[in-house]
Amino acid sequence: MSNPAEKLLDEALKLPESERRVIALRLLDSVGEEPPEEIERAWTEEALRRLEDLRAGRTRPIPWEEARKRIFARG
């Protein structure tokens, strides 16, 4: 990130949460709705890798309730 962007971020982080949320949403709106092609490709490759791991028996799915418990136990 450039120096001016770092300075802007530092200042923005000093704002109240409600104002930071508005800024974050407006910034997201400004970059468009389509993810960059390389990000889309990376997610597709990851999904295919995970599917292959499942099919090959290298990993196993777990029920949502168990996953949820694990996720919130970390917090």
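I began with Glu-52, which forms a salt bridge with Arg-58, the closest N and O atoms being 4.0 Å apart. The model I am reading is a predicted one. I then looked up how open the two partners are. Glu-52 counts as partly exposed, because its relative accessible area is 42%. Arg-58 has 55% relative accessibility and so counts as exposed. Next I followed shared partners: salt bridges join Glu-46, Arg-49, Arg-50, Glu-52, Asp-53 and Arg-58 into one network.

Entry on Asp-53. I stayed with this network and picked one of its members, Asp-53. Which helix holds Asp-53? Asp-53 is found in helix H3. Is Asp-53 buried or exposed? I found a relative accessibility of 15% for Asp-53; the limit for buried is under 20%, so Asp-53 counts as buried.

I looked for the salt-bridge partner of Asp-53 and found Arg-49, with the closest N and O atoms 2.8 Å apart. The search for polar contacts gave this pair too: a contact of 2.8 Å joins the side chains of Asp-53 and Arg-49. Arg-49 is partly exposed, because its relative accessibility is 41%. Both residues lie in helix H3, residues 37–56, and they are 4 residues apart, about one turn of the helix. An α-helix has 3.6 residues a turn, so residues three or four places apart point the same way.

I also listed what Asp-53 touches, leaving out residues up to four places away in sequence. Arg-58 and Thr-59 came up.

Entry on helix H3. I checked the span of this helix. H3 has 20 residues and reaches 28 Å from its first C-alpha to its last, close to the 28 Å expected at 1.5 Å a residue.

Entry on salt bridges elsewhere. How many salt bridges does a search of the whole structure find? I got 9. One that I looked up is Glu-11 with Lys-14, where the closest N and O atoms are 3.1 Å apart. Glu-11 is partly exposed, because its relative accessible area is 47%. Lys-14 has 62% relative accessibility and therefore counts as exposed.

Entry on Leu-13. I placed Leu-13 in the loop between helix H1, residues 3–12, and helix H2, residues 17–30. Leu-13 counts as exposed, because its relative accessibility is 53% and the limit for exposed is over 50%. Which residues make a nonpolar surface patch with Leu-13? I found Met-1 and Leu-9 with Leu-13, and the patch is about 330 Å².

Entry on Pro-35. I found Pro-35 in the loop between H2 and H3. Pro-35 is partly exposed, because its relative accessible area is 37%. I took one distance from this residue: Pro-35 and Val-22 are 21 Å apart in space, C-alpha to C-alpha, and 13 residues apart in sequence.

Entry on Phe-72. My last stop was helix H4, residues 64–74, where Phe-72 lies. Is Phe-72 buried or exposed? Phe-72 is exposed, because its relative accessible area is 58%. Phe-72 and Glu-17 are 55 residues apart along the chain, and their C-alpha atoms are separated by 23 Å.

Notes
Residues numbered from 1 in each chain as written. Predicted model: local features only at pLDDT ≥ 70, side-chain atom pairs only at ≥ 80, totals over all residues. Heavy atoms only, no water. Patch = residues over 30% accessible without salt bridge, like charges linked within 9 Å, V, L, I, M, F, W, Y side chains within 5 Å. Areas by Shrake-Rupley, 256 points an atom, 1.4 Å probe, with all protein chains shown as cover. Salt bridge = Lys/Arg side-chain N within 4 Å of Asp/Glu carboxyl O. Helix = DSSP H or I, 4+ residues; strand = E, 2+ residues; numbered from the N terminus. Buried < 20%, exposed > 50% of the residue type's maximum accessible area, 1.4 Å probe, protein only. Polar contact = N/O pair within 3.5 Å; in protein donor to acceptor, adjacent residues only side chain to side chain. Contact = heavy atoms within 4.5 Å. Expected span 1.5 Å × (residues − 1).
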